[in-house]
Amino acid sequence: MSTWAVIVAAGRGERAGMGRNKVFCDFGGRSVLGRCLSAFQSANLFDGAAIVLSPQDEPLYREICEKEGPFPLVRCIARGGETRRDSVFNGLQALPEDVEIVAIHDAARPFVSREVIEATLISAREYGSGVICTPVVDTIKQLLPDGSVATPDRAALRAVQTPQTFDRAKIAAAHRRAREENLAATDDAMLFEHYYGAVRLVTAPGAEENRKLTNRSDFESDAAASIPDFRVGQGYDAHRLAEGRRLVLCGVEIPHDRGLDGHSDADVAVHALMDALLGALGEGDIGRLFPDSDPQYKGADSMKLLQIVMERVRARGCRVGNADITIVAQRPKLAGFMPRMRERIAEGLGVDETRVNVKATTTERMGFEGEETGISAQAVVLLVKNA
Ligand code: MG
């Protein structure tokens, strides 16, 4: 028994007012159609799929395959028709002979879950049809021909979606006859009902989320909401070089004739890193968190302060994606200390060393770093919100 899907992507998307077929529009970084095809492909429930496209959209489809594919599930392309009914008819015509069960799905529903698809397949195998539905939350009014209004019992109403899955022979015959008899229909279940009686309604986890992207506002609000929660932060610090001080950079003590001056151990690189972390969290800077005026931070080990900042990062449900630190110093030469610095920072951030980079540069004797009045550091971090 071979099971196929017909994915209908030939709509004009006029209601969405996007200037082109909405299934080719971006939704949170991927096309609507790409999302839909991925959902069907990763469900791993089909032997193949036919996609129904308007000829003018074929180049856009190829582009999606290149950028978001490959989609080996799609084994043939059918031409879109005048109406949705014509498009589905063409899709059904394109199926190989041996297909027994066919799931018909609108590409404008990209959030379809595997459970939803499977529920319709199981029902279609047993009863000849399986149409996904949800209870109705709004009270529905019916306008009657005489101008009066009726209120059907909401508990008895269901909103139907796609996939609508059928015995292939029956739905193909229904579509053929509907075409001959010019019977209009807003969905495939209507045609099946007309010729074979009631369809089986099913529901499954994910049905509530299986909504259709229809209007421009569906794209605007949700595209914003679905931006991945990555946060980038930037930090900068500089300290003066002074006699009689230790030089500590990235938690590593470096032999030198002078060290950095400051309230804490003046580890300028870790200070820049902490500012980057706080910046990514949108929580100000280390001056606010560890005031100079507070005696408890006098001579403090900046690596310990980093732990306090990391607690805040974790409390906000984030972890470090990567960190990149640049130390600007004319002297001493830091190259030999880099591996140990990287190790210390990785430890401090609780990540693998491959996510940390520490580098150093001189300014060719220009400016305060070049004149060896001080050392500065810059840091950039990426925080990723835990799923
Ligand atoms: Mg500082």
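Trainee: In which helix is the place of Met 338?

Mentor: Met 338 belongs to helix α11, which covers residues 338-349. Keep in mind that this is a predicted model.

Trainee: Why does Met 338 count as buried?

Mentor: The relative accessibility of Met 338 is 14%. Buried means under 20%, so Met 338 at 14% qualifies.

Trainee: Which residues does Met 338 touch, not counting those up to four places away in sequence?

Mentor: Met 338 touches Val 358, Lys 359 and Ala 360. For scale, 57 Å separate the C-alpha atoms of Met 338 and Pro 163, and those two residues lie 175 apart along the chain.

Trainee: What does the domain assignment give for the protein chain?

Mentor: The assignment gives domain 1, residues 2-226, and domain 2, residues 230-385. The centres of domain 1 and domain 2, taken over C-alpha atoms, are separated by 54 Å.

Trainee: What is the order of strands in the open sheet?

Mentor: The seven strands follow the order β5-β4-β1-β6-β10-β7-β11. The edge strands are β5 (74-79) and β11 (201-202), since each pairs on one side only.

Trainee: What does helix α3 touch where it packs on the sheet?

Mentor: Helix α3, residues 84-93, touches β1, β4, β5, β6 (99-106) and β10 (158-167). The direction of α3 makes about 145° with that of β6.

Trainee: What makes the pairing of this sheet mixed?

Mentor: Strands of a sheet pair through backbone hydrogen bonds, either parallel or antiparallel. Here, β1 and β4 (residues 48-53) pair in the parallel sense over five bridges, and β1 and β6 also run parallel, joined by seven bridges. In contrast, β6 and β10 pair in the antiparallel sense over four bridges. Parallel pairing and antiparallel pairing both occur, and the sheet is called mixed.

Trainee: How many of the eight residues of β6 are buried?

Mentor: Seven of the eight are buried, and β6 is described as mostly covered.

Trainee: Why does Gln 164 count as buried?

Mentor: Gln 164 is found in strand β10. Its relative accessibility is 1%, and the cut-off is under 20%, so Gln 164 is buried.

Trainee: What makes the approach of the side chains of Gln 164 and Asp 187 a polar contact?

Mentor: The two side chains meet at 2.9 Å, and the limit is 3.5 Å for a pair of N or O atoms, one able to donate a hydrogen and the other to accept it. The pair therefore falls within the limit. A polar atom of the Gln 164 side chain also lies 2.9 Å from the backbone nitrogen of Ala 189. Beyond its neighbours within four places in sequence, Gln 164 is in contact with residues including Val 102, Ile 104, Gly 130 and Asp 188.

Trainee: Why is Asn 21 called buried?

Mentor: Asn 21 lies in the loop between β1 (2-8) and β2 (26-27). Its relative accessible area is 6%, which is under 20%, so the term buried applies.

Trainee: Which side chain joins that of Asn 21 in a polar contact of 3.0 Å?

Mentor: The partner is the side chain of Asp 57. The side chain of Asn 21 also reaches the backbone oxygen of Ala 9 at 2.8 Å. Asp 57, in the loop between β4 and α2 (58-68), is itself buried, with a relative accessible area of 7%. Not counting residues up to four places away in sequence, Asp 57 touches Ala 9, Asn 21 and Phe 24.

Terms used: Residues numbered from 1 in each chain as written. Predicted model: local features only at pLDDT ≥ 70, side-chain atom pairs only at ≥ 80, totals over all residues. Heavy atoms only, no water. Helix = DSSP H or I, 4+ residues; strand = E, 2+ residues; numbered from the N terminus. Buried < 20%, exposed > 50% of the residue type's maximum accessible area, 1.4 Å probe, protein only. Domains from an automatic or database assignment. Pairing = 2+ DSSP bridges. Contact = heavy atoms within 4.5 Å. Axes fitted to C-alpha atoms, helices over the stretch in contact; angles between N-to-C directions.
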